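Please read each point with the sequence and the model in view.

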Amino acid sequence: MEYSLRPQFRSRGRAAMTNPDVRFETLRREGVDDGWATDEVLPVPRTTVTEEVPRRVITQNQSPDLSFDRSINPYRGCEHGCIYCYARPSHAYLGLSPGLNFETRLIARPDAPELLRRELRARRYVPRTIAIGTNTDPYQPIERDRGIMRGLLQVLSDFNHPVAIITKGALITRDIDILGPMAAKGLVRVGVSVTTLDPATSRAMEPRVPLPAARLRAIRALTDAGIDVRVMVSPVVPALTDHELEAILQAAAQAGAVAASSIVLRLPREVSGLFRDWLQEVFPDRAARIMGRVRELHGGLDYDPAFGTRMSGQGEWARLLRQRFVIATRRLGLDRSLAPLRTDLFSVPPQAGDQLPLL
């Protein structure tokens with residue numbers, strides 16, 4: 001069922017209020033009030049999960065803005081429902097809307113661990129750090145029951161393969177029994193995203209993400225287990241969360257984070273309209289100011305995808321934000337560069353049927 005939520009019927013636990021048309025479709029749908037259902041209450045959108053069996057699970061990229069060339073996504077769509085999520089437009093490739101569909105119609109890849117095992121065993125495979133969590137969060141709520149991310153980690157551990165994880169999910173602490181020994185070998189690092197310390201703002205922007213205090217506790221648990229954690233102040237929303245930059249860095253440092261990074265808000269494709277609608281509903285008093293600052297960051301546009309500036313922004317406000325970040329991280333000892341993860345330990349574990357070495 002496809003529908004939009006009128007603001008007065010906006011569901012708790014969902015950030016998007018509409019299902020924008022899929023840009024690859026030739027037909028367009030438009031809701032019209034015919035005057036008959038003036039007090040109709042639309043159904044609450046429930047989460048549904050379907051399964052996908054891809055041919056390969058490792059995705060390659062050549063982006064000059066990224067520090068990795070390969071990644072894995074155990075899920076498509078994300079129940080966390082962050083209104084600002086730059087990954088929303090990827091749902092259109094499935095014929096689904098980047099709006100409510102992205103939060104409610106999820107795709108799981110239960111065979112991902114076995115596919116990964118097969119790809120890592122390929123004769124010509126060359127190990128480099130695999131990033132997980134770069135598109136949708138591997139520790140979103142359905143991971144608790146599905147366990148696909150845990151299966152992937154077990155395979156990477158078996159092969160002594162390096163992995164970099166990005167998440168907002170406190171569920172990552174469940175896997176410390178795998179991550180801790182990998183960290184001791186120099187095979188893992190974790191980035192935990194903290195956008196705000198205000199629980200009300202967090203619940204509005206990212207409705208099904210663990211609250212900031214839970215994420216800080218996760219940082220502490222990970223670092224106590226010997227796992228390097230980078231706090232990611234991402235995205236910084238101008239005129240809404242930018243004033244918290246130093247406070248977030250301070251709280252993360254106290255929780256044990258050893259490094260930090262920051263990315264400004266970016267609103268590609270359908271995310272722009274979804275975010276503007278959300279602002280008008282949740283923060284109408286400052287919506288114009290926020291969008292004005294966003295456009296200042298991106299050369300007068302809601303978003304400029306140019307490499308080199310799309311994540312940092314441009315202009316005086318971006319320069320001042322960067323200056324604040326540098327000063328704060330230096331003061332807190334978060335300005336360090338983490339050592340590269342090791343690839344020299346990579347080895348293919350034997351499996352049934354393999355010929356054993358003679359010596």
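**Notes on the sheet, helices, cores and cysteines**

1. S71 has A131, in β6, as its bridge partner. The strands concerned are β3 (residues 70-72) and β6 (residues 130-132), which run parallel and are joined by two bridges. Please bear in mind throughout that the model is predicted.

2. These two strands belong to an open sheet of seven strands, whose order is β2-β3-β6-β7-β8-β9-β10 and whose pairing is mixed. Which strands stand at the edges? They are β2 (59-60) and β10 (259-264); each has a single partner strand, so one side of each is left without a neighbour in the sheet.

3. Two helices may be considered together with the sheet. Helix α4 (residues 148-158) lies across β3, β6 and β7 (163-167), and runs at about 160° to β7. Helix α8 also packs on the sheet, where it touches β9 and β10; the angle between its direction and that of β9 is about 160°.

4. Helix α5 has several buried residues, namely I178, L179, G180, M182 and A183. The elements that cover them include α4, β7, β8 and α7. After α5 comes G186, which has a positive phi, near 75°.

5. Which residues of α7 are buried? They are P212, A214, R215, L216, A218, I219, L222 and T223. The elements against which the buried residues of α7 pack are α5 (176-184), β8 (188-193), α6 (199-205), β9 (229-236) and α8 (245-255).

6. The largest nonpolar core contains 61 residues, and L116, I165, V231 and L249 have the most contacts inside it. Apart from this core lies another, of 28 residues, which include F275, L279, A287 and V294. To return to I165, and leaving aside its neighbours within four places in sequence, its contacts are I132, Y139, M149, L153, I172, L179, V188, R189, V190 and G191.

7. R46 is placed in the segment before β1 (48-51). Is R46 buried or exposed? R46 counts as exposed because its relative accessibility is 65%, and the cut-off for that class is over 50%. When neighbours within four places in sequence are left aside, R46 is in contact with R14 and T104. R46 and L100 are 54 residues apart in sequence, while their C-alpha atoms are 9.9 Å apart in space.

8. C78 counts as buried because its relative accessibility is 6%. C85 also counts as buried, with a relative accessibility of 15%. The cut-off applied here is under 20%.

Definitions and conventions:
Residues numbered from 1 in each chain as written. Predicted model: local features only at pLDDT ≥ 70, side-chain atom pairs only at ≥ 80, totals over all residues. Heavy atoms only, no water. Core = buried A, V, L, I, M, F, W, Y, C linked by side-chain atoms within 4.5 Å. Buried < 20%, exposed > 50% of the residue type's maximum accessible area, 1.4 Å probe, protein only. Contact = heavy atoms within 4.5 Å. Helix = DSSP H or I, 4+ residues; strand = E, 2+ residues; numbered from the N terminus. Pairing = 2+ DSSP bridges. Axes fitted to C-alpha atoms, helices over the stretch in contact; angles between N-to-C directions.
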